[in-house]
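User: I'd like a close look at one part of this structure, please. Could you start from a single loop residue and its surroundings, and then work outwards through the rest?

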Amino acid sequence: MPTAWLVWAALTDHLGANPAETLQLQTGRWALRLLLVTLAITPLRRLTGWNDAVRFRRMLGLFAFYYATLHFLIYLVLDQYFDWRAIVKDIAKRPFITMGFTALMLLVPLALTSTKGWIRRLGRRWQTLHRLIYVSAVCAVIHFIWKVKVVIGEPVLYAGILTVLLGFRVIWWLRRRTVRRVARPVRPSNLPVH
Amino acid sequence: MLIRNAPDVRSSEVTDERQYLRRREFIRLAGGAVAAAATGGLLGACGGSGVDAAVSPAASTAASGDQSPLQIAQHVVTTDEKLNTFEQITNYNNFYEFGSDKSDPARYAGQLHTSPWTVKIDGHCARPADYHVEDLIKPFELEERIYRHRCVEAWSMVIPWVGIPLASVLRRAEPTSKATFVEFTTLLRPSEMPGQRDPILNWPYTEGLRMDEAMHPLAILAVGIYGKTLLNQNGAPIRLVVPWKYGFKSIKSIVRIRFVDRMPHTAWSDQNPSWYGFYSNVNPDVSPVRWDQSRERRLPGLFATRKTLIFNGYGDQVASMYAGMDLRKNY
């Protein structure tokens, strides 16, 4: 796991001249990658019919949350050293921090309701709630794009992947709507009579 | 970070202890030089006095390596903080001509040929000329300058540069009264600078200083670090160092120095004017939207808790140049 690599690199002095930045970048990168992999599960199932893939989805989502949390803790401790006032100011004032913080906050209810008990208790609403991951992932990608000085390479790649993954959902949704309309065609007799 | 294969230069070779002990004298005198200049004295003459305060009689030569050792005539120490290691300074670089990752310059800069190297000096001056970089440097004594280096990304290092005062080079070209700014240009050679194949910045990289900033005794043209010639990733064979400004002002691998009569375009400011201003003086009170500049991380430290100093701690020497200017507007 990336965590093991980071711990090993930290212990053996392989994090470079700016170890805090390396930790910050790597945890953020893995949080975003894992979010994207989580979002890839459903398209993968539908395209390949490999339904077992869904068994990994919760674990992947929780790992994304884990790295996002580490990412934030590094900011909290190494960047700001528990200066709460500075943090609040930072979140309010710097758009890329606002975006990153929003992305993390949106994941919190998802992580909390990831247990079997909560899935049962929430029923249908669970699925609706967990669609927040779409918003979170969009925020995370924008956070990355706004963070970098020059928008090339990785952030563009992730934005592209996310667009494709969300694009599947949009296409399916549109198709479902069309199918529904075909199934219940509007007949002239249904029209109000004047 | 502990470096096992530390550079083969002992700190006693880098910094003469006597000069080290006299560093505050230098700071005071350099400040005086600027004050004198501000009150009508000739900056050129005064600049010399600030530097002379730290003249070391014994020239020292650093040990050999891949790079050539340099004959250093004097040492100027502006801080008693711990130096960053050679490995840190040469492996963590922003030099987008070689890629936007900090490790890209160390990885790709080796392919750049820096010899022969010509520096064109032109524009509003009486003696424009093309110099081989060796000839540009030759008339002047090399000085070691230990400076704090503050990146706009809120990290900082302490670096033992070797170079010559920029003012010496500029004065030799005899700038005319029309010369109000100096524009610097980096080499454009996409075949050896892979980053230039992407439209990251408006290549070639350009930077600029106001004339008084350029003539300031703290501004140097560096040709080495740790007593040896610069590695390519640090801007070989010749680069600017302006320690009271964010690092991106200190343009690398210079091929042209031009005296101009208006504020020149600068690479980062063109790319994003709200993030990077022309002056870009280190200022903890002015944080353009992207960064919080009030604190910094002194590498390789983990915590970004060091308070950033106005003008990177060189306010005594340089603040008078900006008297009466709104530094929030002219960031």
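Analyst: Ala53(A) sits in the loop that links H2 and H3 of chain A. Please keep in mind that this is a predicted model.

Two packed helices are described by the angle between their axes and the distance between the axes. Helix H2 covers residues 19-48 of chain A and helix H3 covers residues 57-79 of chain A; their axes come within 8 Å and cross at roughly 155 degrees. H2(A) and H3(A) are therefore roughly antiparallel to each other, as the angle lies over the 145 degrees that this term requires. Their crossing is left-handed. From H2(A), the residues that make the contact include Ala20(A), Leu23(A), Thr27(A), Trp30(A), Leu34(A) and Ile41(A). H3(A) brings, among them, Leu60(A), Phe63(A), Tyr67(A), His71(A), Ile74(A) and Leu78(A). By type, the residues of this contact divide into 17 nonpolar, 6 polar and 1 charged.

Elsewhere in chain A, helix H1 (residues 2-11) is hardly covered, and the count of buried residues among its 10 residues is 0. Just after H1(A), Asp13(A) takes a positive phi of about 65 degrees.

Chain A also touches chain B, in a contact that takes 13 residues from chain A and 19 residues from chain B. On the chain B side, these residues divide into 11 nonpolar, 4 polar and 4 charged.

Chain B brings us to strands. Strands of a sheet pair through backbone hydrogen bonds, either parallel or antiparallel. One open sheet of chain B has 5 strands in the order S4-S3-S12-S7-S8, with mixed pairing. Its edge strands are S4 (129-132) and S8 (206-210), each of which pairs on one side only. Neighbouring strands of this sheet are turned by 15 degrees against each other on average, direction ignored. At one end of that order, strand S7 (residues 181-186) and S8(B) pair in the antiparallel sense over 5 bridges, and Val182(B) has Leu209(B) in S8(B) as its bridge partner.

Which strands does S9(B) pair with? One is S6(B): 5 bridges join S6(B) to S9(B), and the two run antiparallel. In that pair, Leu221(B) of S9(B) is the bridge partner of Ile164(B). S9(B) also pairs with S11(B), again in the antiparallel sense, over 3 bridges; here Ala222(B) has Arg239(B) in S11(B) as its partner. A further 2 bridges join S9(B) to S10(B), which run antiparallel, with Gly224(B) opposite Thr229(B) in S10(B). S9(B) and S10(B) form a hairpin with 2 residues between them, and Tyr226(B) in the turn has a positive phi of about 50 degrees. As for cover, S9 (residues 220-225) is mostly covered, with 6 of its 6 residues buried.

Finally, some backbone details in the loops of chain B. Most residues other than glycine have a negative phi, and most peptide bonds are trans. Ala154(B), in the loop between S5 (142-150) and S6 (155-165), has a positive phi near 70 degrees; with 20 C-beta neighbours inside 10 Å, Ala154(B) counts as buried. Ser280(B), in the loop between H10 (267-271) and S13, has a positive phi of about 45 degrees and is buried too, with 24 C-beta neighbours inside 10 Å. A cis peptide bond joins Ala236(B) and Pro237(B), with omega about 0 degrees; Pro237(B) lies in the loop between S10 (228-229) and S11 (239-241). The bond from Leu299(B) to Pro300(B) is cis as well, with omega near 5 degrees, and Pro300(B) is found in the loop between S13 (295-298) and S14 (306-307).

Definitions and conventions. Residues numbered from 1 in each chain as written. Chains lettered and ligands numbered in written order. Predicted model: local features only at pLDDT ≥ 70, side-chain atom pairs only at ≥ 80, totals over all residues. Axes fitted to C-alpha atoms, helices over the stretch in contact; angles between N-to-C directions. Helix = DSSP H or I, 4+ residues; strand = E, 2+ residues; numbered from the N terminus. Parallel < 35°, antiparallel > 145°, perpendicular 65-115°, else oblique. Left-handed = near helix turned anticlockwise from the far one by under 90°. Contact = placed C-beta atoms within 7 Å. Nonpolar A, V, L, I, M, F, W, Y, C, P; charged D, E, K, R; others polar. Pairing = 2+ DSSP bridges. Buried ≥ 20, exposed ≤ 12 C-beta atoms within 10 Å, placed from the backbone.
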